[in-house]
Amino acid sequence: IHGAFEPVLAISRLHTLSPKVAIGFADLTVPRMEQFDLGGIESFYGLNAYELRGKQMVQGSLTYQVAIPAVPFFPTFFTVRYDLGAMWTEPESIKFEAFIHGAGFQVGFKTPIGLVRFAVGENFRFGQNVSHPLLLNNPVFYFSIGANL
């Protein structure tokens, strides 16, 4: 069972806000290739594509996009997104501490060969230690061209 809600809210002609919530539950017989996944430029900043897989998933994100007016050649936009999510293999292991956070930004161009995007993102967790309240990972760089197949 999978459900997602992702409205696109036009704030003005140039500014767009898009919240997203997705929840998924599967039984123990689902093969690995059909499990839910998180990661990549479309799904979760700071993770490689399909990096996290599991049978239970919770994901939320908030995206802000601004179109850059008066750019020569191709329409251009800038996007900032915050992600929050977790993946579990067993329902009994669902814990709030498992949630990871991701943040990143991208620049995109609408070209005749398709959408061209450059992005960078990083995932992080909040630590229990006062001296290290934020646990950062390495940034991940993304490049995408054309349609998603």
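Buried means under 20% relative accessible area, exposed means over 50%, and partly exposed is in between (1.4 Å probe, protein chains only). This is a predicted model, where local features need pLDDT of at least 70 and side-chain atom pairs count only at pLDDT 80 or more, while totals for chains, interfaces and linings use all residues. Residues are numbered from 1 along each chain as its sequence is written, and side-chain values use heavy atoms, with hydrogens and water left out.

**View 1. Phe-118 and Phe-143 make a tilted ring pair.** Rings of Phe, Tyr and Trp (its six-membered ring) pair if their centres lie within 6.5 Å; planes under 30 degrees apart are called stacked, over 60 edge-to-face, and the rest tilted. Here the centres are 5.0 Å apart and the planes sit at 40°. Phe-143 is exposed, at 51% relative accessible area, and Phe-118 is partly exposed at 42%. Phe-118 belongs to strand β9 and Phe-143 to strand β11 (residues 140-145), so the pair ties together parts 25 residues apart in sequence. Strands (E, at least two residues) are DSSP runs, numbered from the N terminus.

View 2. A search of the whole structure turns up six aromatic pairs.

**View 3. Glu-42 and Arg-117 form a salt bridge.** That term is used for a side-chain nitrogen of Lys or Arg within 4 Å of a carboxyl oxygen of Asp or Glu. The closest N and O atoms of Glu-42 and Arg-117 are 2.6 Å apart. Glu-42 sits in the loop between β4 (36-38) and β5 (52-54), and Arg-117 in strand β9 (residues 114-126), 75 residues apart. Glu-42 is partly exposed at 43%, whereas Arg-117 is buried at 8%.

**View 4. Arg-81 has two partners to look for, Asp-83 and Tyr-45.** With Asp-83, Arg-81 forms a salt bridge, the closest N and O atoms being 2.8 Å apart. Asp-83 is buried at 0% relative accessibility, and Arg-81 is buried at 8%. The charged end of Arg-81 also sits over the ring of Tyr-45, 3.9 Å from its centre (the cut-offs: NZ of Lys or CZ of Arg within 6 Å of the ring centre and within 35 degrees of the ring normal).

Note on methods
Helices (H or I, at least four residues) and strands (E, at least two) are DSSP runs, numbered from the N terminus.
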